[in-house]
Amino acid sequence: MTDPYSVLGVSRGSNDAEIKSAYRKLAKKHHPDIGGDQAQFANISSAYDDIKDAQARQNFDNPP
């Protein structure tokens, strides 16, 4: 499993807006519709889903 924080290039202390901004920047760069790599885009999307808001980050950082 890859670290979603490193995939998106954000720190663990980043807020929702910083994470969303990093995701959008990477998604635009790697989107398959504009010639990006589909696997890389899927990795970026998965990382964003893991830490996209406070609840998701808490679930990722403190698994049951």
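User: Which residues does Val10 touch, not counting residues up to four places away in sequence?

Analyst: Some ground rules come before that. This is a predicted model, where local features need pLDDT of at least 70, side-chain atom pairs count only at pLDDT 80 or more, and totals for chains, interfaces and linings use all residues. Residues are numbered from 1 along each chain as its sequence is written, and side-chain values use heavy atoms, with hydrogens and water left out. Contact means heavy atoms within 4.5 Å. By that rule, Val10 touches Tyr5, Glu18, Ile19, Ala22 and Ile51.

User: How many residues does the largest nonpolar core have?

Analyst: In soluble globular proteins, nonpolar side chains tend to be buried together. A nonpolar core is a set of buried Ala, Val, Leu, Ile, Met, Phe, Trp, Tyr and Cys residues joined through side-chain atoms within 4.5 Å. Buried means under 20% relative accessible area, exposed over 50%, and partly exposed in between (1.4 Å probe, protein chains only). Here the largest core has 15 residues, and Val10 is one of those with the most contacts inside it, alongside Leu8, Ile19, Tyr23, Ile44 and Ile51. The elements giving two or more residues to this core are helix H1 (4–8), helix H2 (16–30) and helix H3 (38–51). Helices are DSSP runs (H or I, at least four residues), numbered from the N terminus.

User: Which residues of helix H4 are buried?

Analyst: An α-helix has 3.6 residues a turn, so residues three or four places apart point the same way. In H4 (residues 54–61), the buried ones are Ala56, Arg57 and Phe60. They fall within an arc of 100 degrees seen down the axis, so they line one face of the helix. The arc is that of the directions from the helix axis to the C-beta atoms. Their cover includes H1, H2 and H3.

User: What joins the side chains of Arg57 and Asp16?

Analyst: A polar contact of 2.8 Å. That term means a pair of N or O atoms within 3.5 Å; within protein, one must be able to donate a hydrogen and the other to accept it, and residues adjacent in sequence count only if both atoms are side-chain atoms. Arg57 counts as buried, at 11% relative accessibility.

User: How many salt bridges does the whole structure have?

Analyst: Side chains of opposite charge can pair when their charged atoms come close. A salt bridge is a side-chain nitrogen of Lys or Arg within 4 Å of a carboxyl oxygen of Asp or Glu. The search finds four. Among them, Asp61 meets Arg12 at 2.9 Å, N to O. Asp61 lies in H4 and Arg12 in the loop between H1 and H2, so the pair ties together parts 49 residues apart in sequence.
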